[in-house]
Amino acid sequence: MKPVDTSITAQNAFMDVFTDSATVLAFVQRQKLTEQDSIYIISFYKQRNYQLAWYDSSGVAEQAYNFINLYRSYQSSTQDSSLLQPDFDALANQLYNDSLPQLLSQSEKVQADLLLTRHFFRYAERAYAADAQINLRELDWFIPKRKTDPVAFLDTVVASGGKDITTLLPVHPLFEGLRKALLQYTALAKAHAWAPIAFAKKKYQLGDSAVDISSIKQRLIWLGDLAAADTGHVFTPALQKAILQFQQRMGLAADGVAGKGFLEAINLPLEERIKQIRINMERARWIPKPGNGKYVVVNIPEFMLRAFDSGQLQLQMNVVVGKPANNTVIFNGNMQYVVLAPYWNVPYSIVKNEMGRTAAYFSKRNMEVVGKYSDGLPMVRQKPGPNNSLGRVKFLFPNSYSIYLHDTPSKSLFEQNKRAFSHGCIRVAKPRDLALWALAGNKEWTAEKIDSGMSGSKEITITLQQKIPVFIGYFTCWTDANGLLHFRNDIYGHDKKLGDHLFAAAK
């Protein structure tokens, strides 16, 4: 429970209308709120010394209108009936339609203010807090849930007058992009039938002419990939460009040709896409907002790593992740070491199931036996060198899953469109760039010295001066910096498991 801030008075208060503890307590009791909701409301008004949040002596404050707009936008996109309350909805309608009398009595202002505050907390809990019924560990998600403070959120909204309220939301920016996408796709589903397009031939490309091409154009116009209002039968350069963008958004091989993969993606029912958006919106509620300093984000279904500093993208590269049989774990940690010319300590499972046992086998692969397991299997490690399975450098963020980032001699895999080939660790396409970025500011480790260490035959472990947070996440849907909506395949089946929780009531 927050303490009363007695330094706030009628003379210096931001809002010049006050209530008192008895009125707030009576409201809480009359509304029959949960203990947590009661604490939120009482704490909020106590720390303000009971000044109102949504009203002043002149009438309704701007933040009230901004909140109503935000609430209505949420309702429009989610159709969340659990938030509907007759008393609040009547007040919201009056505010939204500007039909609420401005000259209310002080008692009426207080009750309306309390009602707005009560519903703000209900809205914030429903829209931005993680579903309390979902056990993240059961969904193989091991990044701790973001902690929420709705009282602090409302304080910020009131202090800012609700201006640019979407930038104040207590969630990762990914959430707001997905919320807008949900609005778009919900509107598309209502406005257009999404009957499957059937191609008369295997593929269409630049210069072709067919009735099917007009259907492709119309659908891409609806999705926003094709800007020109052209629904003719000719495969134009503009259509080729639109298909390229669509393919990139879907994680398909981007060749500008309307083929099998393109047809499957564009025919997927909008209802399925809407579910995918909602699943990833729920995940966006779990993750913390970007912090200051350096951090690394890996998105498993996208096969992509991005390195940021203070929220600014500085480095981006393809990665190879674990096969479906060897899932890369979803978790977070802190990168502490960069290891140049690393040894590869071969995991027990690989020694047992995938390797030979002879001295000639080990010698050919530049490996050595360094001991034995209790069952007699050899402990094997691969020496540093150009053919080492970890390549020339690895990046360690100690964890119980034995997962790390590393180089690889198998460079061709990065050219594949779908890159789930590893035993769980993450191979990076630009290991030197990542090493330079991680060690930037360390005067001892110049680019020349890093290059020399990577190409050497002696393992060198460098302790980072500051740990770098690493987040290995799983998002099959997101919006990019340009507002484009991307989708990817559910390679590990995590969407299905989360969807079973979210949509169980609808079955």
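1. Two strands count as paired if DSSP finds at least two bridges between them. In this predicted model, strand S8 and strand S10 (residues 378–382) meet that rule: they pair in the antiparallel sense over two bridges.

2. Strands of a sheet pair through backbone hydrogen bonds, either parallel or antiparallel.

3. Next, the cores. The largest nonpolar core has 134 residues. Those with the most contacts inside it are Tyr 55, Leu 116, Tyr 128, Leu 220, Ile 277, Met 335 and Leu 405. Helix H5 supplies the largest share of this core, eleven residues. A second, separate core holds 13 residues, among them Trp 344, Met 355, Leu 377 and Val 380. In soluble globular proteins, nonpolar side chains tend to be buried together.

4. What does Tyr 128 touch, leaving aside residues up to four places away in sequence? Its contacts are Leu 70, Tyr 123, Arg 146, Phe 153, Leu 169, Pro 170, Val 171, Phe 175 and Arg 285. Leu 70 is also one of the buried residues of helix H3.

5. Helix H3 (residues 62–78) passes a length check. At 1.5 Å a residue, its 17 residues should span 24 Å, and the end C-alpha atoms are 25 Å apart, which agrees. Just after H3, Gln 79 takes a positive phi of about 55 degrees.

6. The buried residues of H3 are Gln 63, Ala 64, Asn 66, Phe 67, Ile 68, Leu 70, Tyr 71, Ser 73, Tyr 74, Gln 75 and Ser 77. Their cover includes strand S2 (59–60), helix H4 (86–96), helix H5 (106–128), helix H6 (150–160), helix H7 (173–191) and H11.

7. Helix H10 (residues 260–267) buries Phe 262, Leu 263, Ala 265, Ile 266 and Asn 267. These residues pack against helix H8 (211–223), helix H9 (237–250) and helix H11 (270–286).

8. Phe 44 lies in helix H2 (residues 35–47) and Phe 121 in helix H5, so the pair ties together parts 77 residues apart in sequence. Both Phe 44 and Phe 121 are buried.

9. Why is the pair of Trp 141 and Phe 475 edge-to-face? Because the planes stand at 90 degrees, with the ring centres 6.0 Å apart; the cut-off is over 60 degrees. Trp 141 lies in strand S3 (residues 141–142), and Phe 475 in the loop between strand S15 (460–473) and strand S16 (477–479), so the pair ties together parts 334 residues apart in sequence. Trp 141 is buried, at 3% relative accessible area. Phe 475, at 10% relative accessibility, counts as buried.

10. Two charges sit over tryptophan rings. The charged end of Arg 219 is over the ring of Trp 194, 4.4 Å from its centre. The charged end of Lys 294 is over the ring of Trp 437, 4.7 Å from its centre.

Conventions
Residues numbered from 1 in each chain as written. Predicted model: local features only at pLDDT ≥ 70, side-chain atom pairs only at ≥ 80, totals over all residues. Heavy atoms only, no water. Buried < 20%, exposed > 50% of the residue type's maximum accessible area, 1.4 Å probe, protein only. Helix = DSSP H or I, 4+ residues; strand = E, 2+ residues; numbered from the N terminus. Contact = heavy atoms within 4.5 Å. Expected span 1.5 Å × (residues − 1). Phe/Tyr/Trp six-rings, centres within 6.5 Å; stacked < 30°, edge-to-face > 60°. Lys NZ or Arg CZ within 6 Å of the ring centre and 35° of its normal. Core = buried A, V, L, I, M, F, W, Y, C linked by side-chain atoms within 4.5 Å.
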